[in-house]
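Please go through the briefing below with the sequence and the model open side by side. It begins with a backbone detail and then moves on to other topics.

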Amino acid sequence: MSAIATTAHSDEHAEDHAHHHHEQPFIEKYIFSTDHKMIAKQYLITGLIMGFIGIAMSLLMRLQLAWPDKEFWIFEALLGKFGQDGVMDPGIYLALVTIHGTIMVFFVLTAGLSGTFSNLLIPLQIGARDMASGFLNMLSYWLFFISSVIMISSLFVEAGPASAGWTVYPPLSALPQAIGGSGLGMTLWLVSMTIFIASSLLGSLNYIVTVLNLRTKGMSMTRLPLTVWAFFVTAIIGVVSFPVLLSAGLLLLMDRSFGTSFFLSDIYIQGEVLAHQGGSPVLYEHLFWFLGHPEVYIVLLPALGITSEVIATNARKPIFGYRAMVASILAIAFLSTVVWGHHMFVSGMNPFLGSVFTFTTLLIAIPSAVKAFNYITTLWKGNLQFNPAMLFSIGLVSTFITGGLTGIILGDSTLDINVHDTYFVVAHFHLVMGISALYGLFAGVYHWFPKMFGRMMNKNLGYIHFWITAVGAYGVFFPMHFIGMAGLPRRYYTNTAFPYFDDLADTNVLISVFAFITAAAQIVFIYNFISSIFYGKRATQNPWNSNTLEWTAPVEHIHGNWYGKLPTVYRWSYDYSKLNSDESDYVIAGQDFVPQNVPLQEGEEELNH
Amino acid sequence: MTAFLIIIVLALLAITAWQISKIYKLSRPSDDDGIIANDKDNQKQAKIMLVFMVFLYGLMIYSFWNLSKFYLPEAASEHGSSYDQLMFISIAIIMIVQVVTQALLHYFAYKYRGKKGKRALFYADNNTLEFVWTVIPVVVLAGLIIYGLVSWTQIMNPPDDEDTLVVEIYAYQFDWRARYSGQDNVLGKANVRFIEGVNQLGVDETDEYGKDDVIVNELHLPVDKPVIFKFRSQDVLHSAYFPFFRSQMNVVPGMITEFSFTPTTTSKEIKNSEYMLEKVKRINEIRSERSKDLVAEGRSELDEYEFDYYLLCNKICGVTHYNMQMKIVVEEEEEFNKWMEEQQTFGELLAKQ
């Protein structure tokens, strides 16, 4: 099927570059590799391990929330002195909340998702031999690795890890007197995040430079696959917003260790007045959410990019409204940096500012809606191939809509007053960024597994994985909106202190049961993933009959990606089921896709995008 | 309800077990199978997609049918009724969009399932369509924004009224205090640096305005009288959440935040409302059920629950964050005045020392 794709430049093999014949020593190949494909795999596997830990933490929390008055040996086994006699310590519950959030948002969905697929796909899809700087790329991964190790090691600190919520608002996070986790645990959290930010910046700068400078001949910006657009814009958002988190972290570090008062003022704690004067926690909130909100899109845009690619390929149709999709990505990126205040409507910020942020926040719903409609239209009159990646992509569109819609409530300053910090918020953001982005990650893994490991994943296990996850995820998060509407606050160790919430207990049990089932389904994925790496069926060069350039590269990984000359691009990446001029057959007879490196055929018109 | 839940759980576990038993079989693909979706898979997955759609709609119906009883009772404050109305409109709009788009998504996925030899439509663009579905959200959102912002401005900028009761809500790990401004309706100056002995809220002892302030640990409010709350924290961030009054404001150390509302339903009225009678009955059934288990384990049984308004902390503030609450009593003005007279002023408290 892909004969045309390879013959297009087979005669250029003569100019083969010599460097990929050289055998690399083990360390250079597998550990300190500068090859983007290997780094992508390193990111993925580290991210998945972190994800395993993060999800395990959520299960402990669900166990506690469903049966707050029961004892579980597993608490003692996993939490040690914080779970003595099978009773979870209230402080460690908050630590679980904090570290679960941190790990899932930063380590799994930022590094694990965006890190993996930006690394794998940017060079391969734009037709480059590697990232602009392989060395910086390697450094970026190893900084990420070190920050992961530090974050995990903070779990073993005597007084417990950071426990002030993933947003680590001061003064709680600044004062060890206020909560045990704000001692060494919090210091390690800050150190880990500082290194993480450095890693993220190195990665992002590399992605931006690579996309701008290393596109192969003919690959204009308007011919880029939407995946690359998404990764590119994500990297820009990261460069704009991550440094602000770093500054917030540094100021917090100074307040903690050097007696400054950026965020602290008028505090009396443990029978003592502190010397701090004149700072404001609200300033910290502004700095944090200046990253915190764009972070949502840093997590989500790569998932949406992956979905665009997977849906188009498996629908055998061009993505509907390519220009609108690019414009939406850009609009979302721009708006994402001016909406952070919607996390702070009731923070004590001037109410007029609240009005402005309501306005910008609801604006961002427009490009999001356009994206959702475009996905649905792409399915219309398609020839849908239900590979597991496709199912996860459709699942993503579904949870993106469900979760996104409740954003209209939370983004409205008035309505936010009474649902702020309740389980309504938890349900909203888990659906719209947690589950959606995870679906994007899974879609990416199933779709590009052959590119990463040269083998195929088992589709039947993929189906089981998807359907149980899809049922479970909705089962967990849809009912959760309703306990939020009951006014149940998040981050409560137990709800039994308020008899008013007693009748919500059954729903909490239901949610927990769904959570356990969903988590169990992930074991199927892990089994499939690991066994396919070693025993999966060998992949063909272009298993999904896709148009993008990565499928013109050989299955085996070579340094430099392509033998011989780099492919030249003649068209956009969405010429699926395009017909020839008299509409008697496809552009290439009998083949419903036209890879990007195939020149325009006789009588064919390029779509003007 | 519990029995029903157990049945659901058992059914789901059975399905899981059945699926897992299939996993083994499915995980050994025959030569041509197990990798890329073929016509048979497309057919089967499309059908499951429809079943899933039924599940999703079933879940939504179940949730609205069975769980919407958990919604908070009608707002007990003046601005609360417009809040409730805006919430109702917003939920209605988003549910309409939800029902329509999810149906399209899943139905299209079913309808256009792949078949060998089928030709997908090459359909890359349509400006009219895109224009239409850009404009529709713009119009709907503009409506919601305008409605929301008008309410927001009214809530956050209440009219100046001589008659307004001024109350300070003071938060510390892990409890609340309320300080009334007394006869002069002006709160005495305060700062944590004045905290000493019985002066636990750090009121400036030299400030005349503070002498008649009244500090209590149970918030009483006269019905139909506007109250302006000034929030002050002693240590870390807290959030004063009054769910029944649709009011919430963070309590920030180093600054004073504000929120005002007018309670409209007395504690007595809400206790006897149909909603609350039913709710309390349900809760007490659950509690007496649980008490039986507790007694069997040799522990003491749970108290019978009686509803009272409460204020709770809604910003993570430390280990006992989950139990930081204060009872609120809304009563007729005479009752309130009577209660107030029984309280000790800050001046009296100091004099006693």
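A:Lys381 lies in the loop between helix H12 (365–379) and helix H13 (388–410) of chain A, where helices are DSSP runs of H or I with at least four residues and strands are DSSP runs of E with at least two, numbered from the N terminus. Although A:Lys381 is not a glycine, it has a positive phi of about 55°. This is a predicted model, in which local features need pLDDT of at least 70 and side-chain atom pairs count only at pLDDT 80 or more, while totals for chains, interfaces and linings use all residues. Residues are numbered from 1 along each chain as its sequence is written, and chains are lettered from A and ligands numbered from 1 in the order in which they are written.

**Backbone details**

- A:Lys381 is partly exposed, with 18 other C-beta atoms within 10 Å; a residue is buried if 20 or more other C-beta atoms lie within 10 Å of its own, exposed if 12 or fewer, and partly exposed in between, with C-beta atoms placed from the backbone.
- A:Asn545, in the segment after helix H17 (505–535) of chain A, also carries a positive phi, near 50°, and is partly exposed with 19 other C-beta atoms within 10 Å.
- Most residues other than glycine have a negative phi, and most peptide bonds are trans.
- A cis peptide bond, with omega about 0°, joins A:Pro170 and A:Pro171, and A:Pro171 belongs to the loop between helix H6 (134–153) and helix H7 (184–213) of chain A.
- In chain B, the peptide bond from B:Gln173 to B:Phe174 is cis, with omega near 0°, and B:Phe174 is found in the loop between strand E1 (165–172) and strand E2 (175–180) of that chain.

**Chain A as a whole**

- Chain A contains 17 helices and two strands, and 65% of its 609 residues count as buried.
- The radius of gyration of chain A, taken over C-alpha atoms, is 25 Å, which agrees with the value near 25 Å for a compact globule of 609 residues; the globule rule is 2.2 Å times the number of residues to the power 0.38.
- In the largest nonpolar core, which has 287 residues, A:Leu172 and A:Phe232 touch the most other members; such a core is a set of buried Ala, Val, Leu, Ile, Met, Phe, Trp, Tyr and Cys residues joined through C-beta atoms within 7 Å.
- Helix H5 (residues 90–126) of chain A gives the largest share of this core, 22 residues.

**Chain B strands**

- Strand E5 (residues 227–233) of chain B is joined to E8(B) by five bridges and the two run antiparallel, a pairing that requires DSSP to find at least two bridges between the strands.
- B:Ile228 has B:Ser260 in E8(B) as its bridge partner, and four of the five residues of strand E8 (residues 257–261) are buried.

**Contact between the chains**

- The contact takes 110 residues from chain B and 117 residues from chain A, two residues being in contact if their C-beta atoms, placed from the backbone, lie within 7 Å.
- On the side of chain B that touches chain A, the largest share, 14 residues, comes from H4(B).
- The residues on that side of chain B divide into 64 nonpolar, 33 polar and 13 charged, where Ala, Val, Leu, Ile, Met, Phe, Trp, Tyr, Cys and Pro count as nonpolar, Asp, Glu, Lys and Arg as charged, and the others, Gly among them, as polar.
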